[in-house]
Amino acid sequence: MDFSIKAFDTKSTLGTAKSGCIAVAVFENKKLSPAAQSLDSKGAISAALKSGDISGKPGTTLLLRAVDGVSAERVLLVGMGSDEAVSEKSFATGVQAALKAFGSLGAADAIIALPLAEVKERDVNWAIRCVVQAAHDSAYRSDSQKSKKDPAPAGVRKIVLAAPATPSTRNALAQAIAIANGSDLTRKLGDLPANIATPTYLADTAKQLAKDYKFDVEVLDRKQLEALKMGSFLSVTNGSEQPPKFIVLKHMGGKAKDAPVVLVGKGITFDTGGISLKAGPGMDEMKYDMCGAASVLGTFRAIGEMGLKLNVIGVIAACENMPSGRATKPGDIVTSMNGLTIEILNTDAEGRLVLCDALTYTERFKPAAVVDVATLTGACVIALGHHNTGLFTRSDAAHDALANELLNAGKQASDTAWRMPIEEAYNEQLKSNFADLANIGTPGGGAVTAAAFLENFTRKYTWAHLDIAGTAWKSGASKGATGRPVPLLTTFLLNRVQ
């Protein structure tokens, strides 16, 4: 998809623009947007609205061909709800409907002349990002492994956004494209089957990103992890034939003396539950248990394309969790990299076991902040559903500031998170008679006790944990990875530069 920005004088030049289609807004009270009015010199648009052919309800569309007085071949009317203040939801719904209609047109190009600067409590830059992300979502295909792929729709491949062509809007467009490309990579990695997207595949993807964007990259193998005494991480890999990979990516775009932001991703490329075997129905979705790792790689794709002037390091602990005669057993005790011993009460609580050693490893970078990203707990889905990512941090000035950064970035990017508690009382649930910690807590607050477990390994820096179990993928008929939280993470990093 190709995007550009061009300013049109809605009183004259929009009507004379050569294009396969122009999308304009209409409203439920039978009013036309200024762009629609400029194309209505002969009354065809107002007549269609008054006739009831389109209601103006958000997401409704009506395609008009050969509108008298308009040079474009088609005019697409898009319902936007109330004309008093276009809501964020109404705008997003209208944009998605317009792009769906574009996909079936016999036109290669189109102009989006929707009210980009008139969305309530949002600016034109947000609207640009919304359009670009929606266009990528509309064009995304999950059929890479089909022998006979679904026919690719011809549709619109070139979109012009009718907006002031300023340095700010051009920058917003470039950022939006980079974030959408990063989200696409995350979705593609998440959707690949586990026999393809192995730990080695993730490592190779990181190496390719390093080549494309001049990152530094290092991949540690089992012997190096043993030398580092990552007993917790390695305990998860014991039952698998696939070798573990510990991936470190470095984008040093800031000043050499500046402390980096570190993103840590959980990369369980398939999770059977190990000896604590999961139920069969739905286990295929455990290929998505590496979406934390995929989101770190997608974020690096975005910041590499943008040339972000910030030091960012990505750390990914990648392996499978499989049952075999070598697999770790419930009741086993392992020693983590920082020396804490862990009683493994449930081998299906493996994400925290790989993350804790990755978080300890991260200390060597003397980070400004660390954010780990993981499909960690089903309990987070129960708590927050599929709308918000769970955000966990300690409660003090530095951590409150980091939490607010992430929450605000999520709101900016429409990739929202919700802050959950971490208190010492939850650590009481992790006590073991035989080791320093148990890897699961006593019943209740499962998402919080998982975060509290990780907190024990993060006390030398400012840290936040994002539980994306409810937001990284969708189940059911629309099953697939979502690309979240790449928009949140990338916006968070962008804000640290600005």
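## Cysteines

The sulfur of Cys291 lies 14 Å from the closest cysteine sulfur, which belongs to Cys380, and this is too far for a bond. The structure holds 0 disulfides, a disulfide being a pair of cysteine sulfur atoms within 2.5 Å. Cys291 is buried, at a relative accessible area of 1%, and Cys130 is also buried, at 15%; here buried stands for under 20% relative accessible area, exposed for over 50%, and partly exposed for what lies in between, with a 1.4 Å probe and protein chains only.

The model is predicted, so that local features need pLDDT of at least 70 and side-chain atom pairs count only at pLDDT 80 or more, while totals for chains, interfaces and linings use all residues. Residues are numbered from 1 along each chain as its sequence is written, and side-chain values use heavy atoms, with hydrogens and water left out.

## Salt bridges

The count comes to 20 salt bridges, each defined by a side-chain nitrogen of Lys or Arg within 4 Å of a carboxyl oxygen of Asp or Glu. Arg301 pairs in this way with Glu305, with 2.4 Å between the closest N and O atoms. Both residues belong to helix 10 (residues 291–306), where they are 4 residues apart and therefore separated by about one helical turn; helices are DSSP runs of H or I with at least four residues, strands are runs of E with at least two, and both are numbered from the N terminus. Glu305 is partly exposed, at 33% relative accessibility. Elsewhere, salt bridges with shared partners join Lys266, Asp289 and Glu350 into one network.

In the salt bridge between Arg74 and Glu73, the closest N and O atoms are 3.1 Å apart; Arg74 counts as buried at 9% relative accessibility, whereas Glu73 counts as partly exposed at 47%.

## The largest pocket

The largest pocket has a volume of about 1,300 Å³. A pocket is an open set of points on a 1 Å grid over the protein atoms alone where a 1.4 Å probe fits, with protein on both sides within 12 Å along at least five of seven lines, and lining residues have an atom within 4 Å of a point; points are joined across faces, edges and corners, and the volume is the space filled by probe spheres set on them.

Of the 41 lining residues, Gln96, Gln133, Asp137, Ser414 and Arg484 are the closest to the centre of the largest pocket. Helix 5 supplies the largest share of this lining, 7 residues, and the elements that each give at least two residues include helix 4 (88–102), helix 13 (397–413) and strand 18 (473–474). The lining divides into 12 nonpolar, 19 polar and 10 charged residues, where Ala, Val, Leu, Ile, Met, Phe, Trp, Tyr, Cys and Pro count as nonpolar, Asp, Glu, Lys and Arg as charged, and the others, Gly among them, as polar.

## The second largest pocket

The second largest pocket has a volume of about 560 Å³. Its lining has 29 residues, of which Lys278, Leu376, Thr377, Gly378 and Ala379 are the closest to the centre. Helix 12 gives the most to this lining, with 3 residues, and the lining as a whole divides into 9 nonpolar, 12 polar and 8 charged residues.
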